[in-house]
Amino acid sequence: MALFITLEGGEGSGKTTVATSLADRARERGAEVVLTREPGGTPLGAAIRESLFRGDEPMGGWTEAFLFLADRAEHVERVIRPSLARGAVVICDRFADSTIAYQAYGRGLDLDLLQQLNRVATGGATPNLTLLLDVPVAIGLARTRQETFDRIGQETTDFHNRVYEGFGRLAIAEPDRIKSIDAAQPLDAVVAEAWELVAARLARIGFPGRG
Ligand code: T5A
């Protein structure tokens, strides 16, 4: 019965808004839904999130990567794996693909090593479906209020362009898992497309997902 869905994309692509809407719709169809996020999906993760984004202090690239990975290891062990084990639908706002897009493509850290470290952090937990909300960098950044930008949100346009390219490459490499959605469309259209994909997965595990 379990289903593991992640939402990925750049800043302001609409992940949080779409994830909430998908969770509401899946609950209406009787699923137990665990809506969670990275970083910060556990009490320890909330402290890690605070360390990652507090202030403008510079942080080493690998320090940043290990903080995201530590958050993920705790999140998988404490929240994601137990929820899936009891048959819940887990909807997670960002997961392992963000580390590849931001820390490998964005920061330029070793991609193979980060993939290995992701495998350690996730213990092999892999999403059944990843919705990549694809929006041009300039549109996404314009949607996010400047004053809410954190250390990573404040990065250069070049950095965000590399992240965008990274997500695109991941989608090409894993077309069965990662489904790209044009997130420059009006929100209703984005949610409708995302729900279509989720409803099909829910139907496969026995929920009346369509409609
Ligand atoms: N990170 C994270 C890493 O570097 N490595 C990692 O391994 C992980 C896990 C997370 C930061 O950490 C980085 C990535 C991030 O920089 P965060 O606070 O979770 O920080 O930031 P984001 O995930 O980027 O959240 P944002 O709030 O910036 O973007 P969302 O969630 O994609 O967008 P959302 O839903 O909040 O929407 C933003 C605004 O746009 C509007 C919404 O109403 C809202 O006002 N909107 C639309 N408007 C018009 N049309 C649409 N289609 C719209 N969709 C949304």
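Predicted model: local features only at pLDDT ≥ 70, side-chain atom pairs only at ≥ 80, totals over all residues.
1. Start with the ligand. It sits in the largest pocket, and 27 residues surround it, with Lys-15, Thr-16, Thr-17, Arg-49 and Thr-99 the closest. By class, that shell splits into eight nonpolar, 11 polar and eight charged residues.

2. Glu-11 puts a polar side-chain atom 2.8 Å from a ligand oxygen, while Gly-14 uses a backbone N or O atom, 2.9 Å from an oxygen of the ligand. On the nitrogen side, a polar backbone atom of Ala-183 lies 3.5 Å from a ligand nitrogen. As for burial, the ligand alone exposes 1000 Å², and the protein buries 79% of that.

3. Which helices build the shell? H1 (15-28), H2 (43-53), H3 (61-85), H4 (96-106) and H8 (187-204) each bring at least two residues. H4 gives the most, with four.

4. Now the largest pocket itself: its volume is about 680 Å³. Its lining counts 32 residues, and Lys-15, Thr-16, Arg-49, Asp-93 and Arg-94 lie nearest the centre. Here H1 is the top contributor, with five residues. Strand S2 (33-37) is also among the elements that supply at least two. The lining has nine nonpolar, 14 polar and nine charged residues.

5. Of its 19 lining residues, Ala-96, Asp-97, Asn-118, Glu-174 and Arg-177 are closest to the centre. H4, H5 (111-122) and H7 (157-173) each give two or more, and H5 has the largest share, five residues. By class, this lining has nine nonpolar, five polar and five charged residues.

Terms used. Residues numbered from 1 in each chain as written. Heavy atoms only, no water. Near = heavy atom within 4 Å. Polar contact = N/O pair within 3.5 Å; in protein donor to acceptor, adjacent residues only side chain to side chain. Areas by Shrake-Rupley, 256 points an atom, 1.4 Å probe, with all protein chains shown as cover. 1 Å grid on protein atoms, 1.4 Å probe; cavity = no way out; pocket = protein on both sides within 12 Å on 5 of 7 lines; lining within 4 Å. Sits in = over half its atoms within 2 Å of the grid points. Nonpolar A, V, L, I, M, F, W, Y, C, P; charged D, E, K, R; others polar. Points joined across faces, edges and corners; volume = space filled by probe spheres on them.
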